[in-house]
Every structure is written in structure tokens, then in C-alpha cells.
Amino acid sequence: MDLYGNSVLLVIDVQNDFCPGGRLAVKDGDRVVPFINEIMDKFGKVVATQDWHPEDHLSFASNHPGKEVMEIETIDGIEQVLWPDHCIQGTEGANFYPGLNIENISLILRKGMDKRIDSYSAFFENDKKTSTGLDGYLRNLHIDTVYLTGLATDYCVYYTAIDAVKLGYRTNLFIKGSRGVNFPEGNVERAVNDMKERGVKIIE
Ligand code: VGL
Ligand code: ZN
């Protein structure tokens, strides 16, 4: 059943490291899985992303001697939270969370692979210029509407939503299918309000 014609379901970073027990665990991150599995077959296209970092990635506090995890730095003019090591390429932490139905995912897009720059959005790296290729893929398929779900509401989901609006997609967020890091405190609320203001439809 394809209820949503020219639309795509974007499943953002539902990976072990963002779920309970993982290295950058989002509270109740695993709870999005049953929700996503249930709505998936209503979409003609499903794309999933994976955060996929090399060990020496600039977003890891461990690569900044003397810095602590969760410090905020400005690197090359871009604000960067220094995260714990997470989603290292080829490790268990980078795998999809068990039970996520990946059978009907047509594209798995990996991001954050350049050690010199982070990539929260599925469309552009954090320089806001370097494309991941996703926009071209969706345009080629005549997709004009994006439905977002996954982790984390205030980082990768948020930046993907903002870019989707800028690129001209009708953009929707399944809030029940998303959980946030909420760092700094209040960040999820701020992100949701900002998404609303910019025209993202929040589906309760
Ligand atoms: C994410 C922090 C660092 C995310 C990725 O998927 O939201 N957050 N890397
Ligand atoms: Zn990351």
C-alpha cells in the first residue's frame, strides 16, 4: 500500500550507538523502531541514513587533547559539539538497531565520513555546501515530499528537516518516531519550535 505518492520516508541514524547501551545513547532511542516498522510500507520509497565516522573524526572529543566530551568548540568557523566516539565505520555501534526492518530500504546513505567535517544533515555536510547526493537522488525520482523519523530530533533530524525545507521539499516530521539528545538542555524544544517556524509540519 503506497499512501504517500511522491514522497519518501527518511529514516535518520537508527543505529546502536544512539540507542540505550550505545556510546551516544538517546533516551528511549530504541522506541522509534516499532513505529518506523509500522509506517514503512505506506511509502513507495524509504531511505535510511547512517552516521559513519572514521576513528579520527573531528567531532570526537578524543581527537582533541585536553578537551572534554560535550564541550562546544568553534572549528573552521563552524560550531561543533565534541561528542563521545560513536558510529565508527564498520563497528557494532554503527549498525542499524536490531529489529529495524531494512528490507524495503532502497538507499542507505552514509554521512560524516570526512574526518575534517561533521555532517548532521542528510543533504549537506556542516559547511552547508558539500552535498551528500541525496537531493539529486530524490529529484531524479520526482519526489517532492519528505517524511522524517529517527534520531536525534535536535541534531541529524533537525538539520535534515531544515535543509529539506530550503531545498523546496514539503517537509513533515513524525514526532512520535523521533527522540532527541537534548543537549544543551532545552535543545529539543528549541529545535521543534524552529522547525515549525520554518514550515516543517509536525505530525503528532
Ligand atoms: C548525531 C550527534 C552526533 C545524530 C550524529 O544522528 O543526531 N548526533 N552525530
Ligand atoms: Zn556523529
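1. Asp194 touches Tyr158 and Ile162, residues up to four places away in sequence not being counted. In this predicted model, Asp194 belongs to helix H4, which spans residues 187-197. Because its relative accessibility is 17%, and buried means under 20%, Asp194 counts as buried.

2. The zinc ion (ligand 2) is coordinated by Asp51 through OD, by His53 through NE2 and by His86 through NE2, at 2.0 to 2.2 Å. Along the sequence, the donor residues of the zinc ion (ligand 2) follow the spacing D-x1-H-x32-H. Two of these residues link distant parts of the chain: His53 sits in the loop between strand S2 (43-51) and strand S3 (72-75), and His86 in the loop between strand S4 (78-81) and strand S5 (107-111), 33 residues apart.

3. The site of the zinc ion (ligand 2) is irregular, with angles of 87 to 170 degrees among its four donor atoms.

4. Asn16 is located in the loop between strand S1 (4-12) and helix H1 (32-39). With a relative accessibility of 13%, Asn16 counts as buried. Beyond its neighbours within four places in sequence, Asn16 is in contact with Gly22, Glu92, Gly93, Asn95, Phe96, Tyr97 and Pro98. To one of these residues, Glu92, there is a specific approach: the side chain of Asn16 reaches the backbone oxygen of Glu92 at 2.7 Å.

5. For Asn16 and Leu148, the C-alpha to C-alpha distance is 19 Å, with a separation of 132 residues in sequence.

Note on methods:
Residues numbered from 1 in each chain as written. Chains lettered and ligands numbered in written order. Predicted model: local features only at pLDDT ≥ 70, side-chain atom pairs only at ≥ 80, totals over all residues. Heavy atoms only, no water. Helix = DSSP H or I, 4+ residues; strand = E, 2+ residues; numbered from the N terminus. Buried < 20%, exposed > 50% of the residue type's maximum accessible area, 1.4 Å probe, protein only. Contact = heavy atoms within 4.5 Å. Donors = N, O, S within 2.8 Å, 3.2 Å for Na, K, Ca; no water. Tetrahedral: all angles 85-135°; square planar, octahedral: opposite > 155°, others 65-115°. Polar contact = N/O pair within 3.5 Å; in protein donor to acceptor, adjacent residues only side chain to side chain.
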